[in-house]
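This briefing is for a reader new to the structure. Please look at the sequence and the model first, then read the points below.

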Amino acid sequence: MRERIERDGPLGFPEFMATALYQPSLGYYARETRQVGRGGDFFTSVSVGPLFGELLARRFLREWRESGSPARWRIIECGAHDGTLAADILGAISRLDPQAFAALEYAIPEPLPRLQAAQRETLRGFHGKWRFIAEASELHADPLPGVAFGNELLDALPFHVVEWTNGGWRECKVEAAPDGDFVWQAHHEITSPALLDALAPLGNGFPENYRTEVRTNFRDCLEPLVRSLSSGLLLWPDYGFARPDYYHPDRKTGTLRTFSKHRAAENPLATPGEIDITAHVDFTAVAETAIRLGCQPVAFSSQGSWLTGQARSWLLAQEGNPDAAALRQFQTLTHPAHLGGSFHVLELSWNQPAAPIIPPEIWHRLGISQP
Ligand SMILES: C[S@@+](CC[C@H](N)C(=O)[O-])C[C@H]1O[C@@H](n2cnc3c(N)ncnc32)[C@H](O)[C@@H]1O
């Protein structure tokens with residue numbers, strides 16, 4: 001990166017972040033697979049236990065049944081990491097509905113060899129049921145009904161860092177200091193049409209030096225997925241907000257965070273390759289991108305209320321015969337003070353034969369005027 005900066009000038013933060021996280025030999029996610037969980041750098045809903053996968057599996061099975069129980073269907077999991085969630089989902093589907101399991105193919109777009117190796121190991125009991133794809137476009141010749149999803153995938157997508165100065169947005173880029181450290185260089189004029197388009201809906205009048213993040217890559221993420229499904233559902237659990245909350249004038253330093261050994265910090269330029277870099281998700285921007293691709297937002301709620309909705313029959317089955325460990329997982333996943341409040345779930349329907357009924361409050365929660 002230093003050589004690139006010397007040759008081409010300051011690096012945009014998306015390029016810096018993509019290199020720091022995903023460079024095939026030195027990137028944070030390329031080097032090892034122990035980032036998630038107690039011995040790693042951060043927890044996700046997957047680290048809580050297999051219940052999260054089971055509740056997702058219940059939602060996916062409902063989708064399969066509502067689309068007429070097709071003889072072939074597909075789940076595409078993005079950001080499958082070491083394969084734990086895939087194993088939880090495949091295990092639950094095989095137990096809950098053997099017919100749906102027989103009809104299912106599970107595809108994991110995964111370019112990083114270390115993660116592929118970990119997935120192969122975790123999923124060895126599901127031989128023939130799942131496969132890697134280098135990218136979703138490999139499925140475009142054979143679209144099937146089904147589901148595409150990623151848990152904490154969108155927050156890991158690279159983003160631009162921008163600052164409001166003198167009545168307008170400027171981009172913050174990465175420069176190499178004489179001592180070799182990476183440092184921020186603010187005040188770059190913004191000329192990229194994609195970034196200008198992404199900034200336009202944020203409005204004006206932010207406090208001086210208000211710093212935040214903006215992604216321009218949601219379309220690149222979603223489009224190959226919808227083209228891999230003839231119809232179905234896209235589902236995104238992640239931490240984030242609708243646009244009015246995200247770009248609230250009081251949120252003056254944005255949501256950019258780094259994680260290392262369960263400690264959050266805010267300097268993403270130190271020790272690239274050794275720390276996670278993330279920012280919250282603007283769910284309004286995701287929904288707007290999906291609408292432009294022809295999808296419909298059908299649910300947007302806190303993870304707590306979304307999972308509670310999926311868990312109805314599971315909770316009923318607990319009566320009289322409670323599974324204490326699983327109930328503890330349910331509480332951690334849904335309690336507003338744990339993962340239930342800070343995480344949200346966005347569901348998007350794609351090409352459904354019967355137009356989905358969209359509750360009016362979805363538009364309100366997403367900050368989009370109802371079309
Ligand atoms: C925060 S981790 C979440 C891991 C896992 N889904 C979980 O919930 O425990 C983000 C994961 O997304 C993966 N990732 C990021 N961008 C990706 C992309 N464009 N395609 C596939 N995986 C991606 C990373 O390699 C990493 O494994």
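Two strands count as paired if DSSP finds at least two bridges between them. The model is predicted. Strand S11, residues 257–260, pairs with S12 over 3 bridges, in the antiparallel sense. The points below cover the sheet and then the ligand.

**The sheet**

- The open sheet is formed by 3 strands in the order S12-S11-S13, with antiparallel pairing.
- Strand S12 (263–265) and strand S13 (276–278) stand at the edges with a single partner strand each, so one side of each has no neighbour in the sheet.
- From one strand to the next, the twist averages 30 degrees.
- Phe-259 stands opposite Ala-264 in S12.
- Strands of a sheet pair through backbone hydrogen bonds, and the pairing is either parallel or antiparallel.

**The ligand and its surroundings**

- The ligand takes up the space of the largest pocket.
- It is surrounded by 14 residues, and the closest are Tyr-22, Thr-44, Gly-79, His-81 and Asn-151.

- A nitrogen atom of the ligand lies 2.7 Å from a backbone N or O atom of Gly-79.
- In His-81, an N or O atom of the side chain is 2.9 Å from an oxygen atom of the ligand.
- An oxygen atom of the ligand also lies 2.7 Å from a polar side-chain atom of Asn-151.
- The ligand taken alone exposes 590 Å², and the protein buries 86% of that.

Note on methods:
Residues numbered from 1 in each chain as written. Predicted model: local features only at pLDDT ≥ 70, side-chain atom pairs only at ≥ 80, totals over all residues. Heavy atoms only, no water. Helix = DSSP H or I, 4+ residues; strand = E, 2+ residues; numbered from the N terminus. Axes fitted to C-alpha atoms, helices over the stretch in contact; angles between N-to-C directions. Near = heavy atom within 4 Å. Polar contact = N/O pair within 3.5 Å; in protein donor to acceptor, adjacent residues only side chain to side chain. Areas by Shrake-Rupley, 256 points an atom, 1.4 Å probe, with all protein chains shown as cover. 1 Å grid on protein atoms, 1.4 Å probe; cavity = no way out; pocket = protein on both sides within 12 Å on 5 of 7 lines; lining within 4 Å. Sits in = over half its atoms within 2 Å of the grid points.
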